Amino acid sequence: MRYLTTTEVAERYRTAESTVRYWRHIQKGPRGIKVGKRVLYPEAELLRYERTLIDGQEEWGLAS
């Protein structure tokens with residue numbers, strides 16, 4: 001399984017690292033796991049999160 005850093009997740013979603021951290025803080029967006037002082041995101045979790053957006057299960061979804 002591949003794990004992405006906060007920086008890599010921000011690049012993937014074309015947003016700032018602070019936005020990814022904020023999503024984690026308010027429990028929106030993909031779920032990360034804490035490994036030591038780092039937060040890592042399993043790639044499978046990013047795919048799961050993207051599927052919820054596509055399916056309309058999250059309030060943040062595709063732009064119209």
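**Figure 1. The whole chain, from its surface to its fold.** About 4700 Å² of accessible surface belongs to the protein chain, and carbon and sulfur atoms contribute 49% of that area. Please keep in mind that this is a predicted model. Of the chain's 64 residues, 28% count as buried. Three helices and three strands make up its secondary structure elements, arranged along the sequence as β-α-α-β-β-α. Among contacts with a separation of 6 or more, 46% are between residues 24 or more positions apart.

Figure 2. Ile 33 sits in strand β2, which covers residues 33-35. With 36% relative accessibility, Ile 33 is partly exposed.

**Figure 3. Arg 12 pairs with two glutamates, Glu 43 and Glu 50.** The closest N and O atoms of Arg 12 and Glu 43 are 3.7 Å apart. The salt bridge from Arg 12 to Glu 50 has an N to O distance of 3.0 Å. Glu 50 lies in helix α3 too, so this pair links parts 38 residues apart.

**Figure 4. A salt bridge between Asp 55 and Arg 51.** Their side chains meet at 3.6 Å, N to O. Both partners are partly exposed, Asp 55 at 44% relative accessibility and Arg 51 at 45%. Elsewhere, shared partners join Arg 2, Arg 12, Glu 43 and Glu 50 into one salt-bridge network. The structure holds seven salt bridges.

How values were computed: Residues are numbered from 1 along each chain as its sequence is written. This is a predicted model: local features need pLDDT of at least 70, side-chain atom pairs count only at pLDDT 80 or more; totals for chains, interfaces and linings use all residues. Side-chain values use heavy atoms; hydrogens and water are left out. Helices (H or I, at least four residues) and strands (E, at least two) are DSSP runs, numbered from the N terminus. Buried means under 20% relative accessible area, exposed over 50%, partly exposed in between (1.4 Å probe, protein chains only). Contact means heavy atoms within 4.5 Å. Accessible areas come from the Shrake-Rupley method with a 1.4 Å probe; for residues, only the protein chains shown count as cover. A salt bridge is a side-chain nitrogen of Lys or Arg within 4 Å of a carboxyl oxygen of Asp or Glu.
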